[in-house]
Amino acid sequence: MTATNGGPTPGSDATGTRPGPGTVPARDDTVSAVVRQWRAVHPELDTGPMQIIGRINRCAALLQQAEDAPLRRAGLSRAEFDLLGALRRTGHELTPGELARETFSSGAAVTKRIKQLTERGLVERRGDTRDRRVAHVRLTDTGRDLVDGILPEQLAYETAVLSVLDPGGQGELAGLLAELLSRLEGRAGGLRA
């Protein structure tokens, strides 16, 4: 139902319908268009989860596209930078298994990245003196300088993106995402199909 001026009635969303329980009021974005389309096909379904998860996924994709520009200029992929960043922020050598956990990557993917980064002179790999099956990976000086050079540019980009929200909104969003992430991480095994 719409108001006489052609706009949504008070309390309704952009589709002119009142949101169901657990739904997020519609905004003028890509996800709201998707939700309207699904509501037309399946009006009986609660699209609340889609409104949240869809927006998180869409924001992540848009942020990553722009954020990766400094990495592309440095000849790095996001995954390679994550591995270098893990070594830099922990401040010590890590095994490939530890790097896989730190970067949410498979062991095979980490092994491939270590090989590529070693060839570029950004990391060094050494064998364990007690167990030949174990390797230790550390940043080279060149790798450390690269991470330290890119990080300020990444943070400046993130600050500019978040400037559309006031500090209170940023804090509220950070708290909600932290709560969601904490709960998802606690259920990680149960979420796998």
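Is Leu63 buried, partly exposed or exposed? Leu63 counts as partly exposed, at 35% relative accessibility. The legends below begin with the whole chain and return to this residue.

**Figure 1. Overview of the predicted model.** This is a predicted model: local features need pLDDT of at least 70, side-chain atom pairs count only at pLDDT 80 or more, and totals for chains, interfaces and linings use all residues. Residues are numbered from 1 along each chain as its sequence is written, and side-chain values use heavy atoms, with hydrogens and water left out. The protein has 8 helices and 2 strands. Helices (H or I, at least four residues) and strands (E, at least two) are DSSP runs, numbered from the N terminus. Along the sequence they follow the pattern α-α-α-α-α-β-β-α-α-α. Of the 193 residues, 25% are buried. Buried means under 20% relative accessible area, exposed over 50%, and partly exposed in between (1.4 Å probe, protein chains only). The accessible surface comes to about 12,800 Å². Carbon and sulfur atoms hold 58% of that surface. Accessible areas come from the Shrake-Rupley method with a 1.4 Å probe; for residues, only the protein chains shown count as cover. Take the contacts between residues at least 6 apart in sequence: 47% join residues at least 24 apart. Contact means heavy atoms within 4.5 Å.

**Figure 2. Confidence along the chain.** The predictor's confidence in each residue is its pLDDT, from 0 to 100. The protein's mean pLDDT is 83. A value of 70 or more is reached by 83% of its residues. Among the elements, helix α5 (residues 107-119) has the highest mean, 96. Helix α8 (residues 188-191) has the lowest, 54. Over residues 1-24, pLDDT stays under 50. The model has 33 contacts beyond four places in sequence for that stretch. Where pLDDT is low, the predicted coordinates should not be read in detail.

**Figure 3. Helix α3 against helix α4.** Helix α3 (residues 78-90) packs on helix α4 (residues 96-103) at an angle of about 105°. Their axes lie 10 Å apart. Axes are lines fitted to C-alpha atoms, for helices over the stretch in contact, and angles run from 0 to 180 degrees between N-to-C directions. The angle makes α3 roughly perpendicular to α4 (65 to 115 degrees). From α3, the contact uses Asp82, Leu83, Ala86, Leu87, Arg89 and Thr90. From α4 come Leu99, Glu102 and Thr103. These residues divide into 4 nonpolar, 2 polar and 3 charged. Ala, Val, Leu, Ile, Met, Phe, Trp, Tyr, Cys and Pro count as nonpolar, Asp, Glu, Lys and Arg as charged, and the others, Gly among them, as polar.

**Figure 4. Phe104 in its loop.** Phe104 is found in the loop between α4 and α5. Phe104 has a positive phi of about 55°, although it is not a glycine. Most residues other than glycine have a negative phi. Phe104 counts as exposed, at 72% relative accessibility.

Figure 5. Glu67 is found in helix α2 (residues 48-73). Glu67 is buried, with a relative accessible area of 12%. Not counting residues up to four places away in sequence, Glu67 touches Arg78, Gln154, Tyr157 and Glu158. Glu67 and Tyr157 are 90 residues apart along the chain, yet their C-alpha atoms are separated by 7.0 Å. Leu63 is also found in helix α2. Leu63 touches Tyr157 and Val161, again not counting residues up to four places away in sequence. The C-alpha atoms of Leu63 and Val161 are separated by 8.4 Å.

Conventions: Parallel < 35°, antiparallel > 145°, perpendicular 65-115°, else oblique.
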